[in-house]
Amino acid sequence: QVQLVESGGGLVQPGGSLRLSCAASGTIFAIYTMAWYRQTPGNQREQVATMALGGSTNIADSVKGRFIISRNNAERTAYLQMNSLKPEDTAVYYCNANIMRLDFVRSDYWGQGTQVIVSS
């Protein structure tokens, strides 16, 4: 099986920074796009940032210039560096990855989510 485990969420003051991590494990042959989404109560899950296997990225306008996505392919880990945080960044952040398993089945996987609260 495949698992994604996020870490790094928490409470931070406006203007502060947090770094989220997403570690993939299990019967993995290859990891293609890795991405971060966020969701607030009553709203749809919003794509925040994506990074393809080759390194190309896509960042949502709402966080452009403040958030940076990166990944370490050898460690099967993605990161989201969040700077200049605003109260409106408060959400549960989810990791998503498009993964091919060792049986060559390719699917999207989600982590369990990590809460980020931006408040003074």
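Two strands are taken to pair if DSSP finds at least two bridges between them, and strands themselves are DSSP runs (E, at least two residues) numbered from the N terminus. The model is a predicted one, where local features need pLDDT of at least 70 and side-chain atom pairs count only at pLDDT 80 or more, while totals for chains, interfaces and linings use all residues. Residues are numbered from 1 along each chain as its sequence is written, and side-chain values use heavy atoms, with hydrogens and water left out.

Strand β4 pairs with β9 in the antiparallel sense over nine bridges, and Arg38 sits opposite Tyr93 of β9. The hairpin of β4 and β5 has six residues between the strands, and among them Gly42 takes a positive phi near 85°.

Then there is the open sheet, made of four strands in the order β1-β3-β8-β7 with antiparallel pairing. Its edges are β1 (2-7) and β7 (67-72), each of which pairs on one side only. From one strand to the next the twist averages 15° (axes are lines fitted to C-alpha atoms, and angles run from 0 to 180 degrees between N-to-C directions). Six bridges hold β1 against β3 (residues 18-26), again in the antiparallel sense, with Val2 facing Gly26 of β3.

Next come the cysteines. One disulfide is present in the structure, a disulfide being a pair of cysteine sulfur atoms within 2.5 Å. The partners are Cys22 and Cys95, with their sulfur atoms 2.0 Å apart. The angle about the S-S bond is -75°, and the link of Cys22 and Cys95 is left-handed. Cys22 belongs to strand β3 and Cys95 to strand β9, so the bond ties together parts that are 73 residues apart in sequence. Cys22 is buried at a relative accessible area of 0%, and Cys95 is buried with 0% too (buried means under 20% relative accessible area, exposed over 50%, and partly exposed in between, using a 1.4 Å probe and protein chains only).

As for charges, five salt bridges turn up in a search of the whole structure, each being a side-chain nitrogen of Lys or Arg within 4 Å of a carboxyl oxygen of Asp or Glu. Arg38, Glu46, Arg66 and Asp89 are linked in a network of salt bridges. Another salt bridge joins the side chains of Asp61 and Lys64 (3.2 Å, N to O); Asp61 is exposed at 68% relative accessible area, and Lys64 is exposed at 52%.
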